[in-house]
Amino acid sequence: MRPINVIGSTAVIVLLAVVPAMSQRTVSLADNAALRYWAAFSQLQDAAISEQEANELNSVLGGMGRFDISRYTELIQKNTLALEIMARGTSLPNCDWGLDYGLGADIPVDYARKALALGRLNILYAMHLYHSGKKDEAISALAAGLRFSQDLGKGGSLFATLAAKDLLVTHLNAVNDALRMGQLSISERSRLQKAVTMLGDGLDWPGAAEKDLEALEVHYSADSRVSVSLRSIVLSYTAFLNDQSHLPSLMDAINHAPPELAQLIPNPKRVEEQKQELSDKLQQTRKLLQ
């Protein structure tokens, strides 16, 4: 048996040196989408996926084009309940993952991995619905997947943010394919347009980087030299993710940092590449929706 999250996410693997998370504001339990997502994760069921099937899925998950989905019918059926629970969660206004952020770098991140698996299943589910003649339900699944993907990154570390970016780009690719095929009704296009508009800028990259880096402070609080260097990097990193012109000052801060600290800093150029990829995809989708 191979777990459904066999489909890799290279962006998550190559960028991160540390995986802490951040605290989020308290919200009403009744309005907390994350509780529904946790429930959806509990319903996930694995299925046997060969290496060849995994590679094929990698090439088609981003689109709505013709694909022999029948081999994954059982996988989709086993996880339909999980997908329905997830979709209901996306209608709630807030998302607080309820993690113990006091654990710093030791905080569990399994929720992000499960979210990747569930989000990719949602693309298969949307494709299945679309090619079964249930376009309206397929559009609903894509819209829910966009909201779920963004919720994954809310208040989290770069690990969760990169996972969210991976899912957002995949869902946006599927949306773009559906739009290019030109078979959507005015109502269906309108629903997709609303879902994409609600994404805004997508993800809070500066906030995620800041929380990742600030989590290192507890390890170096007794070393003033490292602490001062880390504070400079935190300020420069967040400034850079808001404005690329700050890259030289950020690289200077990293290059002059103590080696034990410098090696823990996520590569800013690669983080910016991931951020730009999402921005480009959002722009492309919004042009198609005009």
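Predicted model: local features only at pLDDT ≥ 70, side-chain atom pairs only at ≥ 80, totals over all residues.
The protein averages a pLDDT of 85, and 83% of its residues score at least 70, while over residues 1–27 the pLDDT is below 50, although this stretch still has 85 contacts in the model beyond near neighbours in sequence.

**Helices H7 and H9**

- Helix H7, which covers residues 135–153, and helix H9, which covers residues 186–197, have axes that come within 9 Å and cross at roughly 5°.
- Angles under 35 degrees count as roughly parallel, and H7 and H9 are therefore roughly parallel to each other.
- On the H7 side the contact is made by Lys135, Asp136, Ile139, Ser140, Leu142, Ala143 and Leu146, which meet Glu188, Arg191, Leu192, Ala195 and Val196 in H9.
- Sorted by kind, the residues of the contact of H7 with H9 are 7 nonpolar, 1 polar and 4 charged.

- Side chains of opposite charge can pair when their charged atoms come close.

**Helices H8 and H15**

- The axes of helix H8 (residues 158–180) and helix H15 (residues 268–289) come within 10 Å, and the angle at which they cross is roughly 25°.
- That angle makes H8 roughly parallel to H15, and H8 passes H15 in a left-handed crossing.
- The residues of H8 that take part in the contact include Leu158, Leu162, Lys165, Leu168 and Val169, while those of H15 include Val271, Gln274, Glu277, Leu278 and Lys281.
- The residues of the contact of H8 with H15 divide into 12 nonpolar, 5 polar and 4 charged.

**Helices H2 and H6**

- Helix H2, at residues 33–42, and helix H6, at residues 110–131, have axes that come within 10 Å and cross at roughly 70°.
- Angles of 65 to 115 degrees count as roughly perpendicular, and H2 and H6 are therefore roughly perpendicular to each other.
- In this contact Trp38, Ala40 and Phe41 of H2 meet Tyr111, Lys114, Ala115 and Leu118 of H6.
- Among the residues of the contact of H2 with H6 there are 6 nonpolar, no polar and 1 charged.

Technical notes:
Residues numbered from 1 in each chain as written. Heavy atoms only, no water. Axes fitted to C-alpha atoms, helices over the stretch in contact; angles between N-to-C directions. Helix = DSSP H or I, 4+ residues; strand = E, 2+ residues; numbered from the N terminus. Parallel < 35°, antiparallel > 145°, perpendicular 65-115°, else oblique. Contact = heavy atoms within 4.5 Å. Nonpolar A, V, L, I, M, F, W, Y, C, P; charged D, E, K, R; others polar. Left-handed = near helix turned anticlockwise from the far one by under 90°. pLDDT = per-residue confidence, 0-100.
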